[in-house]
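These are my notebook entries on a structure that is new to me. I set down what I looked up, topic by topic.

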Amino acid sequence: MFKYKEVTIILVLIFVAGCANIGGGSSFFNRDKSGLEDEVIFEGTNGLELAFLEGAPPKEVYQNSPFDIILEMHNDGALDISRGTAKLGISLLFDVDDTSKSFPIIKGKENYQFGETSQARWDGIDLKQRTVRKDSSEEVNVQVCYEGEVLAQPEICVKPRPGRPGVLEGGCSVGEKSISRGQGGPIAVTKIIDSDVRGDGDTNIITFRIQVENVGGGDIIDIDEVGDCSLSTKDKQVADILVEAGWLDGTKFECNKNTNHKLIMNNGKGLLTCVSTPVPNDQHYSTPLNIKVNYGYVDGIKTTLMVKKDAFIS
């Protein structure tokens with residue numbers, strides 16, 4: 001009977017310990033989620049949020065005492081992160097097999113409640129075999145490059161040309177419209193200008209100028225740079241993103257002719273010119289556009305750890 005009780009106690013302890021380790025040190029697992037059920041997922045300016053798992057890295061490290069670095073990546077945006085690379089930067093005092101870790105899709109709030117969390121791990125890091133004669137503070141940083149999307153559906157105005165049949169009074173008005181609150185990602189459509197209307201018989205063709213900006217805490221990069229994640233300062237200042245615009249029914253506009261929908265972003269800002277498909281000249285109404293932005297992005301996180309001197313050195 002005593003043996004059965006002993007086994008039962010051991011199993012209970014193992015179960016409790018296991019539960020404590022599932023997200024126990026996670027910044028995102030323990031976050032207060034009250035009220036988030038009513039959150040509008042296609043608003044906000046967050047993308048991939050980064051945090052080190054508690055104790056990984058530890059605050060202090062010693063010779064012959066391997067440790068882990070575990071980076072948590074939480075998609076706080078609306079749409080999925082399709083792929084990415086996490087690149088570890090650490091002192092040459094340490095022996096690390098591979099500083100780059102690629103990661104697959106991390107689901108956004110549209111497909112995963114509250115957004116999915118993934119990890120990049122560097123296990124068994126140790127000091128190289130050398131004498132440590134005094135304590136030293138060393139920086140640990142991780143640069144994360146990823147590919148993502150945002151979807152914007154701002155309201156615009158379709159209005160008849162002056163002097164033509166149609167309802168000209170009341171209703172919506174054309175012109176410049178600023179858009180706030182973001183669209184659930186670090187890139188956002190921030191302004192629409194729809195004042196240029198050309199006639200073609202009984203139809204109108206509208207030219208839209210769409211302003212896109214970096215509204216997050218990192219930098220826009222070329223999508224082609226995501227895999228390597230080795231970036232210069234210029235790579236973060238000038239980058240291409242892909243933008244498609246059209247009506248909600250799936251009809252696409254011609255945007256930035258001869259550039260294959262590419263928009264050059266200079267210091268986090270770009271202006272896209274799109275020409276609509278024909279619309280009737282006898283109607284006056286508001287309607288949403290459908291704007292999809294495919295982008296590359298880089299963000300980072302850093303901390304410090306203390307390398308302690310060898311115990312036998314006074």
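**Second largest pocket.** I began with the second largest pocket, whose volume is about 290 Å³. By pocket I mean, on a 1 Å grid over the protein atoms alone, an open set of points with protein on both sides within 12 Å along at least five of seven lines, and a lining residue has an atom within 4 Å of a point. Grid points are joined across faces, edges and corners, and a volume is the space filled by probe spheres set on the points. I found 15 residues in the lining of this pocket, and Gln153, Ile179, Arg181, Gly182 and Gln183 lie nearest its centre. The elements that give two or more residues to this lining are β8 (136–152) and β10 (176–178); strands here are DSSP runs of E, at least two residues long, numbered from the N terminus. By class, the lining of this pocket holds six nonpolar, five polar and four charged residues, where Ala, Val, Leu, Ile, Met, Phe, Trp, Tyr, Cys and Pro count as nonpolar, Asp, Glu, Lys and Arg as charged, and the others, Gly among them, as polar.

**Basis of the entries.** I noted that the model is predicted, with local features needing pLDDT of at least 70 and side-chain atom pairs counting only at pLDDT 80 or more, while totals for chains, interfaces and linings use all residues. Residues are numbered from 1 along each chain as its sequence is written, and side-chain values use heavy atoms, with hydrogens and water left out.

**Cavity.** The search of the whole structure gave one cavity of 30 Å³ or more, and the largest cavity holds about 50 Å³ of space. Its lining has 15 residues, of which Gly77, Leu79, Glu149, Gly184 and Tyr295 are closest to the centre. Strand β8 gives the largest share of this lining, three residues, and the classes are six nonpolar, seven polar and two charged.

**Sheet.** Four strands make an open sheet, which I read in the order β1-β3-β7-β5 with antiparallel pairing; two strands pair if DSSP finds at least two bridges between them. At the edges are β1 (48–52) and β5 (94–95), each of which pairs on one side only. Between β3 (residues 67–75) and β7 (residues 117–127) I noted seven bridges, and Phe67 has Ile125 as its bridge partner in β7.

**Cores.** A nonpolar core is a set of buried Ala, Val, Leu, Ile, Met, Phe, Trp, Tyr and Cys residues joined through side-chain atoms within 4.5 Å, and buried means under 20% relative accessible area, with a 1.4 Å probe and protein chains only. The largest such core has 57 residues, and those touching the most other members are Leu71, Phe94, Val144, Ile210 and Ile291. Strand β19 (residues 285–307) supplies the largest share of this core, eight residues. Another core lies apart from it and has five residues, among them Cys145, Ile221, Val226 and Val298.

**Backbone.** Which residues does a cis peptide bond join? I found Ala56 and Pro57, with omega at about 20°, and Pro57 is in the loop between β1 and β2 (60–61). Phe114 has a positive phi near 70° and lies in the loop between β6 (100–103) and β7.

Technical notes:
On a 1 Å grid over the protein atoms alone, a cavity is a set of points where a 1.4 Å probe fits but cannot get out, and a pocket is an open set with protein on both sides within 12 Å along at least five of seven lines; lining residues have an atom within 4 Å of a point. Buried means under 20% relative accessible area, exposed over 50%, partly exposed in between (1.4 Å probe, protein chains only).
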